[in-house]
Amino acid sequence: MIANIVKPGNNTYGVLAYLFDKGRANEHTDQHTVASWDDFIPDPGPWDSPGHKQRLSQVAKALDLRVVQAGDKAPEGHVWHCSVRAAPEDRILTDAEWATIARRMVHATGIAPKDDPDGCRWVAVRHADNHIHIVATKVRGDLRPPRNWNDYHRAMTELAAIEKDFGLTPVPRGPEAAAGTQTAKRPTRAEKEKAQRLGHGKTARERLRHTVRAALSHAQDLNDFFNLLADAGLQVETRTLPSGDLQGYKVALPDDSPPIWYSGSSLATDLSLPQIQQRLTATEAPATAAASPTGHRRPNPWHQATAATERIPHHLTHADDCTVQAHLTVFGEVLYALPAHARRHLQAELHRAAVAFEHAAHTRTRADHQHARALRGALKAMRYQPADHSGLAMLLDAAILVVLAAQRRSALRHHDRQVSATRQTLIHLQTAYDQIAPAGLAQLAGRRPSEHTVHRYARVVREVVPSHAEQILTETAWPALTAALATAEAANHQPADVLQQALQQRSLDNAKSASEVLVWRIQRLGDRHAPSPRAQAANVRSTAQRPSPPAHASAVDPLHPRPPGRRR
């Protein structure tokens with residue numbers, strides 16, 4: 001449950017009139033009183049019921065009686081107004097339950113302590129299933145003001161007890177609430193009503209925020225960022241200081257006439273100009289063929305991005321909060337970039353995944369973006385290299401692991417809202433992966449080597465992975481795995497060595513398809529340059545001394561048959 005205590009006012013009748021009215025969008029229904037300081041006061045009832053105004057006036061005068069009696073001693077802003085709202089997933093409470101909650105709230109906040117005959121006068125109004133409004137006048141029977149200092153924190157403390165007593169959904173509070181705070185600014189009621197009138201599923205603020213995030217995920221620098229916003233059809237204006245330095249920017253939808261402008265910070269706190277500048281400068285320059293003294297071919301940015309993404313779960317477990325936030329932020333950028341690289345039938349699902357993860361990734365923790373330079377650099381390079389089916393499937397496979405790790409981290413901290421957001425992200429990513437993976441595997445299988453080579457690889461698999469060999473050899477992804485092994489061998493990698501490396505980095509024990517896990521891992525490993533014989537010998541020695549991987553490394557797998565969101 002959530003309480004909201006609004007700024008004190010002086011118009012008791014006006015507040016009651018609004019609560020018993022039909023609402024700005026006819027959202028108020030079955031308006032009635034559920035509790036009050038005096039159970040014998042009249043119930044004004046709905047706004048269109050006979051005698052409504054007379055009864056409403058009687059209640060307002062009764063509430064104001066002590067205010068009138070106090071005269072000049074009455075406090076400025078004598079109307080105390082608190083709304084109490086249940087969580088969306090909670091059951092519908094009865095009037096009697098809401099009455100009990102109202103009495104506990106006025107007691108806890110000091111407005112009307114239990115068994116105090118001089119407590120303030122108050123009334124609780126219900127005009128929806130999921131919330132009530134409590135209106136009180138802040139003059140006690142002895143004509144003194146109530147001791148309601150720190151009333152908001154006292155209300156939230158009482159709500160935590162109410163949630164437990166009534167079996168309701170616990171809402172994060174205190175440091176936990178701060179960790180789950182969204183940086184995205186919520187749309188106003190007017191924005192929602194306008195979107196509804198125009199037939200849009202999202203408000204202007206939400207549409208602009210999604211477009212700005214997508215542009216930022218691709219942009220190389222500020223000029224590129226503004227050009228991408230314009231290419232997306234947005235109206236863009238920048239503000240410049242007398243010194244010539246850029247001060248800020250604002251955007252508007254193309255069909256707004258006159259335009260309704262939103263600054264970046266009004267869309268989300270992390271979309272302000274200073275925040276964007278920090279992220280754009282924290283980018284590692286991608287490696288190029290010209291920069292390589294050995295003249296090797298240009299690295300594949302999709303493989304580089306996948307490698308950096310695969311390291312994020314480790315950071316989520318072992319790094320400090322600032323580093324974790326940096327990796328979650330850049331991973332969110334990756335998700336916002338993916339729809340532009342995908343086929344049309346996948347774009348909507350990937351966009352929904354990005355929007356869902358936005359609510360899981362951003363907190364009040366200040367991100368140290370320098371820790372995520374590698375992935376951001378690979379992300380920028382991906383813009384200039386179109387993705388094939390296998391490249392996108394490989395990155396989605398790693399992305400699912402990241403979201404699972406983020407979900408586990410949030411669950412350990414009891415951040416239920418973030419857990420819910422990661423669960424939704426998993427659903428969308430898994431759906432997209434299931435649609436793209438067959439095409440990616442078929443693309444690889446088209447490069448399947450000769451039967452003699454396939455038989456040789458089968459012997460290698462039986463030697464290196466004896467416990468999973470028969471499963472791998474009979475799965476539909478086996479032809480794709482042989483193609484991945486052939487590609488790695490053509491790059492001077494030994495099939496047994498690359499298989500062993502893949503196994504060290506991801507366990508097959510809980511995999512739904514062991515061959516798929518190996519395909520994406522070997523495809524990326526095979527893209528690396530083969531080590532020299534001396535390096536290979538050193539790797540053998542270090543591998544023999546390396547301890548067994550921790551339990552969490554094998555506890556999560558994106559191809560596990562259990563539903564997304566479940567603890568692995």
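The side chains of D270 and R213 meet in a salt bridge, with 2.9 Å from N to O, where a salt bridge is a side-chain nitrogen of Lys or Arg within 4 Å of a carboxyl oxygen of Asp or Glu. This pair links distant parts of the chain, for D270 lies in the loop between helix 9 (264–267) and helix 10 (273–281), whereas R213 belongs to helix 7 (residues 204–218), 57 residues apart. The structure holds 24 salt bridges. The model is a predicted one, in which local features need pLDDT of at least 70 and side-chain atom pairs count only at pLDDT 80 or more, while totals for chains, interfaces and linings use all residues. Residues are numbered from 1 along each chain as its sequence is written, and side-chain values use heavy atoms, with hydrogens and water left out. Helices (H or I, at least four residues) and strands (E, at least two) are DSSP runs, numbered from the N terminus.

Next comes the sheet, which is open and has three strands in the order 6-7-8, with antiparallel pairing; two strands pair if DSSP finds at least two bridges between them. Strand 6 and strand 8 (262–263) stand at the edges, each with a single partner strand, so one side of each has no neighbour in the sheet. Helix 7 packs on this sheet and touches strand 7 and strand 8, contact meaning heavy atoms within 4.5 Å. Strand 6 (residues 235–240) and strand 7 (residues 246–252) pair in the antiparallel sense over six bridges, and in strand 7 V251 stands opposite V236, while Y249 is the bridge partner of T238. These two strands form a hairpin with five residues between them, and G244 in the turn has a positive phi of about 95°.

Two packed helices are described by the angle between their axes and the distance between the axes. Axes are lines fitted to C-alpha atoms, for helices over the stretch in contact, and angles run from 0 to 180 degrees between N-to-C directions. Helix 13 (residues 321–341) and helix 16 (residues 389–412) pack at about 140°, with their axes 12 Å apart. Among the residues that meet are L328 and F331 in helix 13 and L396 and A399 in helix 16.

Helix 20 (residues 478–490) and helix 21 (residues 495–505) pack at an angle of about 115°, with axes 9 Å apart. In this contact, L485, A488 and E489 of helix 20 meet P495, V498 and L499 of helix 21.
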